[in-house]
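Here is a friendly walk through one model, with a look at its surface and its pocket. Keep the 3D view open as you read.

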Amino acid sequence: MDSLLYKLYTGEYDIVIKQDEKLRKQLFTELDKVQTMFGDKFMDHLLELGDERDDQRGFYCFREGFSLGIRLMLEALTPA
């Protein structure tokens, strides 16, 4: 079946961003090295850019969720 409702029911529809904990720890270890080398001002700027990226990603997920809701309503109202 290609139905969006069916994909949700069977768990085939997934927009969750999965994080790799090992990779996350490695990243923060390296970021500590960068902070030591370049200083706090540089790291603050770098983290601000990361926050902006996260905000954009959050909006993307919100928009996709909204779109999903609309598509579900349209599919529910459309005869099979």
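A surface patch here is built from residues with over 30% relative accessible area and no salt bridge, and nonpolar side chains are joined within 5 Å. Please keep in mind that this is a predicted model.

With that in hand, you can find a nonpolar surface patch of about 670 Å², made by Phe59, Phe62, Phe66, Ile70, Met73 and Leu74. One of these residues, Phe66, has its place in helix H3. Is Phe66 buried or exposed? Phe66 counts as exposed because its relative accessibility is 56%, and the cut-off for exposed is over 50%.

How far is Asp55 from Met73? The two are 18 residues apart in sequence, and their C-alpha atoms are 27 Å apart in space.

## The largest pocket

Now turn to the largest pocket, which has a volume of about 580 Å³. Its lining is made of 17 residues, and those closest to the pocket centre are Gln19, Leu27, Phe28, Arg53 and Asp54. Helix H2 (21-38) and helix H3 (40-77) are the elements that each give two or more residues to this lining.

Which element gives the most to the lining? That is H3, with eight residues. Sorted by class, the lining of the largest pocket holds eight nonpolar, two polar and seven charged residues.

Definitions and conventions
Residues are numbered from 1 along each chain as its sequence is written. This is a predicted model: local features need pLDDT of at least 70, side-chain atom pairs count only at pLDDT 80 or more; totals for chains, interfaces and linings use all residues. Side-chain values use heavy atoms; hydrogens and water are left out. On a 1 Å grid over the protein atoms alone, a cavity is a set of points where a 1.4 Å probe fits but cannot get out, and a pocket is an open set with protein on both sides within 12 Å along at least five of seven lines; lining residues have an atom within 4 Å of a point. Grid points are joined across faces, edges and corners, and a volume is the space filled by probe spheres set on the points. Helices (H or I, at least four residues) and strands (E, at least two) are DSSP runs, numbered from the N terminus. Ala, Val, Leu, Ile, Met, Phe, Trp, Tyr, Cys and Pro count as nonpolar, Asp, Glu, Lys and Arg as charged, and the others, Gly among them, as polar. Patches are made of residues with over 30% relative accessible area and no salt bridge: like charges are joined within 9 Å, nonpolar side chains (Val, Leu, Ile, Met, Phe, Trp, Tyr) within 5 Å. Accessible areas come from the Shrake-Rupley method with a 1.4 Å probe; for residues, only the protein chains shown count as cover. A salt bridge is a side-chain nitrogen of Lys or Arg within 4 Å of a carboxyl oxygen of Asp or Glu. Buried means under 20% relative accessible area, exposed over 50%, partly exposed in between (1.4 Å probe, protein chains only).
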